[in-house]
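Subject: Structure handover

Hello,

Notes on what turned up follow below it.

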Amino acid sequence: QVQLVESGGGLVQTGGSLRLSCAASGRISTYAKHWFRQAPGKGREFVAGISWTGDDIVYAESVKGRFTISRDNAKNTVYLQMNSLKPEDTAIYYCSADSLALHPLTPDYWGQGTQVTVSS
């Protein structure tokens, strides 16, 4: 059974940092992994993606230079280090997995999400 379980969300002040984790289980260890987010009243948007080997990484323009995606395949976990957080980063953050795409429109699997709130 495939599962993606996010953790690490919370409330932080503007300029602060958080690290999100996503623990994966099931037959998706070699899948590309991603982070998406959905702010209140908005659609879900791509944040970052990382290939199975970690050699290929892509970021949304809005988070470049502030967020870092990484993965530890021995632990089947993907991370999102978020620095210099802004109120507009407030959203539910979702982990996802796809067998092929580094920047998919519709990943094969989704996690349940973790709330990140940045106060001004």
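A polar contact here is a pair of N or O atoms within 3.5 Å; within protein, one must be able to donate a hydrogen and the other to accept it, and residues adjacent in sequence count only if both atoms are side-chain atoms. By that rule, the side chain of Asp-89 has a polar atom 2.8 Å from the backbone nitrogen of Lys-86.

Two points on the source. This is a predicted model, where local features need pLDDT of at least 70 and side-chain atom pairs count only at pLDDT 80 or more, while totals for chains, interfaces and linings use all residues. Residues are numbered from 1 along each chain as its sequence is written, and side-chain values use heavy atoms, with hydrogens and water left out.

**Asp-89**

Asp-89 sits in the loop between strand E8 (77–82) and strand E9 (91–98). Strands (E, at least two residues) are DSSP runs, numbered from the N terminus. Asp-89 counts as buried because its relative accessibility is 0%. Buried means under 20% relative accessible area, exposed over 50%, partly exposed in between (1.4 Å probe, protein chains only). Its side chain also makes a polar contact of 2.8 Å with the side chain of Arg-66. Beyond four places in sequence, Asp-89 is in contact (heavy atoms within 4.5 Å) with Arg-37, Arg-66, Phe-67, Ser-84, Val-116 and Val-118.

**Arg-71**

Arg-71 lies in strand E7 (residues 67–72). This residue is buried but has no salt bridge. A salt bridge needs a side-chain nitrogen of Lys or Arg within 4 Å of a carboxyl oxygen of Asp or Glu. For Arg-71, the nearest side chain of opposite charge is Asp-72, 8.4 Å away. Lys and Arg count as positive, Asp and Glu as negative; His and the chain ends are not counted. What does the side chain of Arg-71 reach at 3.0 Å? The backbone oxygen of Tyr-31. The backbone oxygen of Trp-52 is 3.5 Å from a polar atom of the Arg-71 side chain. Residues that Arg-71 touches, leaving out those up to four places away, include Ser-29, Lys-33, Ile-50 and Tyr-79.

**Gly-54**

Gly-54 is in the loop between strand E5 (44–50) and strand E6 (57–59). At 26% relative accessibility, Gly-54 is partly exposed. Gly-54 and Lys-33 are 21 residues apart in sequence, and their C-alpha atoms are 9.6 Å apart.

**The sheet**

Four strands form an open antiparallel sheet, ordered E1-E3-E8-E7. Strands pair if DSSP finds at least two bridges between them. Strand E1 (3–7) and E7 are the edges, each pairing on one side only. E1 and strand E3 (residues 18–25) pair over five bridges. Leu-4 has Ala-24 in E3 as its bridge partner.

Regards
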